[in-house]
Amino acid sequence: MATEIQTSDPAASAARTTRGTLPVPFQALLFAWISGVIYAAFFVAPPVKGLGPTTKVLYFHVPLFWVGAIALILTGIYSGIYLKTRRIEWDTKAAAAAELGLLFCVLGTMMGSMWARVQWGAWWNWDPKQTSILMLILLYGAYFVLRSSIESRPSRAALGAVYAILAVVAVPLLMRIIPYYLKGLHPNPVVEGTIDPEIRRMLMAAWAGFLGLYVWMFRQRVAVGRFEDQKEGVE
Amino acid sequence: MNGIDPNAIVAGVTFVLWLGIFLYLLRLENKIKDLNR
């Protein structure tokens, strides 16, 4: 009788169907927002002194790393919650956040490399920021190597969580602290506060768009992870 | 090719890339909804 009531409830049925998806108005807003960012980056944004026409890369390269950093920090937080509650959904969220964080960082690095080729004459210069982000990518790549080597789902979750909590210390260290003190080729106007207000506004808008994209991709990845857990019989 | 702004070409390619990503995510949305049922 309880089951009949559940399946005939349209609100519960709709909620179940849309679990892990983004409401359509937000999808439309995200599409318009990022389209606007692309348009503004190419046709509206003023060029930065010294960067010239390559300025537009700034509005993709920098926000990708900002969102990547948030995702990797969330990996540590979700891992901590998993160790406290031992509920597998938190490990699923941690792995999803790590995947997306790594993806965003890799994309930012690729974009930066193309930019470096134009600005600094080589695809890779061992600049402190380039080197430290490479270390971060290797660190989180190792997180997935660790996870894939453990067959038992609870053990994978526990060991992965411990690793992620330790690794999260590296995120501010490698992305902000070390590059700040080791001067290299990267300029630092955002941190130093000398950035043009219009450029800062555009960066914030681009960051908001990429953050929205991350949220959408994260929800989808968690939904897929949940199906995988159900199939394995661990949820 | 004379008179075509290279900036506009790159902007167009970037937009098409974004459109492709967006449509892919929409396709995933529908698959997730199907699996949820």
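Tutor: Let us begin with chain B, whose secondary structure comes to one helix and zero strands. Please bear in mind throughout that this is a predicted model. Its overall scores are ipTM 0.91 and pTM 0.89. For chain B itself, the average pLDDT is 90, and 95% of the residues score at least 70.

The C-alpha trace of chain B spans about 55 × 10 × 5 Å along its principal axes. Of the 37 residues in this chain, 24% are buried.

Next comes the place where chain B touches its partner. Here 18 residues of chain B are in contact with 24 residues of chain A. Between them the two chains bury about 2000 Å², and 72% of that area lies on carbon and sulfur atoms. On the side of chain B, the residues that lose the most area to chain A are W18(B), E29(B) and N36(B), which together account for 31% of what that side buries.

What kinds of contact are found between the two chains? The count of salt bridges between chain B and chain A is zero, whereas nine residue pairs are in polar contact, both residues being at pLDDT 80 or more. The residues of chain B that touch chain A divide into twelve nonpolar, three polar and three charged.

Salt bridges do occur elsewhere, and they take us into chain A. In general, side chains of opposite charge can pair when their charged atoms come close. A search of the whole structure finds five salt bridges over all chains.

One of them joins D229(A) and R153(A), with N and O 3.0 Å apart. Because D229(A) lies in helix α10 of chain A and R153(A) in helix α7 (residues 153–167), this pair ties together parts that are 76 residues apart in sequence. Both D229(A) and R153(A) are buried.

Is D91(A) buried or exposed? D91(A) counts as buried because its relative accessible area is 1%, and the cut-off for that term is under 20%. If neighbours within four places in sequence are left aside, D91(A) is in contact with Y82(A), R147(A), R153(A) and A157(A). As for separation along the chain, D91(A) and E232(A) are 141 residues apart in sequence, and their C-alpha atoms are 14 Å apart in space.

Helix α5 also takes part in another pairing. E99(A) forms a salt bridge with R221(A), the closest N and O atoms being 2.8 Å apart. E99(A) lies in helix α5 (residues 88–119) and R221(A) in helix α10 (residues 197–232), so the pair links distant parts of the chain, 122 residues apart. E99(A) is partly exposed, with a relative accessible area of 33%, and R221(A), at 24%, also counts as partly exposed.

A further salt bridge involves E89(A) and R87(A), whose side chains meet at 2.4 Å, N to O. E89(A) is partly exposed at 29% relative accessible area, and R87(A) is likewise partly exposed at 48%.

Finally, consider the backbone of two loops in chain A. R86(A), in the loop between α4 (58–85) and α5, has a positive phi of about 60 degrees although it is not a glycine. W126(A), in the loop between α5 and α6 (128–148), is likewise not a glycine and has a positive phi of about 55 degrees. W126(A) counts as exposed because its relative accessible area is 57%, the cut-off for that term being over 50%.

Notes. Residues are numbered from 1 along each chain as its sequence is written. Chains are lettered from A and ligands numbered from 1 in the order in which they are written. Side-chain values use heavy atoms; hydrogens and water are left out. Contact means heavy atoms within 4.5 Å. Buried area is the accessible area (1.4 Å probe) that two parts lose on being put together, summed over both. A salt bridge is a side-chain nitrogen of Lys or Arg within 4 Å of a carboxyl oxygen of Asp or Glu. A polar contact is a pair of N or O atoms within 3.5 Å; within protein, one must be able to donate a hydrogen and the other to accept it, and residues adjacent in sequence count only if both atoms are side-chain atoms. Ala, Val, Leu, Ile, Met, Phe, Trp, Tyr, Cys and Pro count as nonpolar, Asp, Glu, Lys and Arg as charged, and the others, Gly among them, as polar. pLDDT is the predictor's confidence in each residue, from 0 to 100. Helices (H or I, at least four residues) and strands (E, at least two) are DSSP runs, numbered from the N terminus. Buried means under 20% relative accessible area, exposed over 50%, partly exposed in between (1.4 Å probe, protein chains only).
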